[in-house]
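User: I am new to this structure. Please walk me through how to read it.

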Amino acid sequence: MKPNLLPFIPSKLFGVPQPTQLFTGKTILITGASTGLGLEAAFKFASLDAAKIILGVRNISKGNLAVRAIEDRTKRSGVAEFWELDMKSYASIQTFAKRAEGLERLDVVVLNAGVAPKNYTIGEEGWEAGAFDHCHLRSTSLA
Ligand SMILES: NC(=O)c1ccc[n+]([C@@H]2O[C@H](COP(=O)([O-])OP(=O)(O)OC[C@H]3O[C@@H](n4cnc5c(N)ncnc54)[C@H](OP(=O)(O)O)[C@@H]3O)[C@@H](O)[C@H]2O)c1
């Protein structure tokens, strides 16, 4: 199959299309939301009027910074909160999932937390501690 790069050219020239559908009243949960694509997604959901955005983060100070950044950028206080989640620990994943079960509603889940380590390593539970384990096994387990 020949790669077709033509569809990417307009987005490089004019930027990617921005979503406009509102998320009014919706609860959104995003893992790996302390930085990068997860945090950008949180900004986007907040600007599209989501009622509640839960950031799954492993580092409390980064979680606080992320919540503050969302409030500052969108001028909406109280829209975001962070819950501790370390995807390296199945116990943490289970605690996080149990907490999510207590939510009144959950409309969108973005399972974004992930890593792409350069070297092959084995994690505490005996699985490869790489992208497959992190992005697929653990995110599927959380779902
Ligand atoms: N950017 C790309 O071009 C690209 C391409 C293909 C796939 N992806 C995938 O897209 C996702 C986001 O990418 P990104 O570029 O935004 O990556 P990033 O900037 O490195 O952010 C990854 C996020 O995942 C969190 N995370 C990592 N390990 C975690 C763990 N054990 N428990 C909880 N959170 C953890 C990080 O938290 P900390 O801040 O605490 O480190 C961070 O918030 C990743 O799954 C990545 O593999 C990205």
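Predicted model: local features only at pLDDT ≥ 70, side-chain atom pairs only at ≥ 80, totals over all residues.

User: How many helices and strands does the protein chain have?

Analyst: The protein chain has 5 helices and 4 strands. Along the sequence they follow the pattern α-β-α-β-α-β-α-β-α. The C-alpha trace spans about 45 × 45 × 25 Å along its principal axes.

User: How do I read strand pairing, and in what order do the strands of the open sheet stand?

Analyst: The general idea comes first. Strands of a sheet pair through backbone hydrogen bonds, either parallel or antiparallel. Here, two strands pair if DSSP finds at least two bridges between them. In this structure, 4 strands form an open sheet in the order β3-β2-β1-β4, with parallel pairing. β3 and β4 (108–111) stand at the edges, each with a single partner strand, so one side of each has no neighbour in the sheet. Direction ignored, neighbouring strands of this sheet are turned by 20° against each other on average.

User: What joins β2 to β3, and how many bridges link β1 and β4?

Analyst: β2 and β3 (residues 80–84) run parallel, joined by 5 bridges. Leu-55 has Phe-82 as its bridge partner in β3. β1 and β4 pair in the parallel sense over 4 bridges. There, Thr-31 stands opposite Leu-111 in β4.

User: How do I read the handedness of the β-α-β unit made by β2, helix α3 and β3?

Analyst: Look with the strands pointing away from you. A crossover is right-handed if the path from the first strand over the helix to the second runs clockwise. β2, helix α3 (residues 60–74) and β3 make a right-handed β-α-β unit. α3 lies across β2 and β3, and runs at about 165° to β3. Such angles run from 0 to 180 degrees between N-to-C directions, with axes fitted as lines to C-alpha atoms, for helices over the stretch in contact. Contact takes two C-beta atoms, placed from the backbone, within 7 Å.

User: Are the residues of β2 buried or exposed?

Analyst: Count C-beta atoms, placed from the backbone, within 10 Å of a residue's own: 20 or more others make it buried, 12 or fewer exposed, and in between it is partly exposed. In β2 (residues 52–57), 6 of 6 residues are buried. Lys-52, Ile-54 and Gly-56 point one way, Ile-53, Leu-55 and Val-57 the other. In β1, 4 of the 5 residues are buried, so β1 is largely enclosed by the rest of the structure. Of the 143 residues of the protein chain, 25% count as buried.

User: Which residues come nearest to the ligand?

Analyst: A residue counts as near a molecule or strand if its C-beta atom, placed from the backbone, lies within 6 Å of it. Of the 20 residues around the ligand, Gly-32, Gly-36, Leu-37, Met-87 and Gly-114 come nearest. The shell divides into 8 nonpolar, 8 polar and 4 charged residues. Nonpolar means Ala, Val, Leu, Ile, Met, Phe, Trp, Tyr, Cys and Pro; charged means Asp, Glu, Lys and Arg; the others, Gly among them, are polar.

User: Which helix supplies the largest share of the shell?

Analyst: α2 does, with 3 residues. α2 (36–47) and α5 (131–142) each supply at least two. Leu-37 is found in α2. Leu-37 counts as partly exposed, because it has 13 C-beta neighbours inside 10 Å.

Conventions: Residues numbered from 1 in each chain as written.
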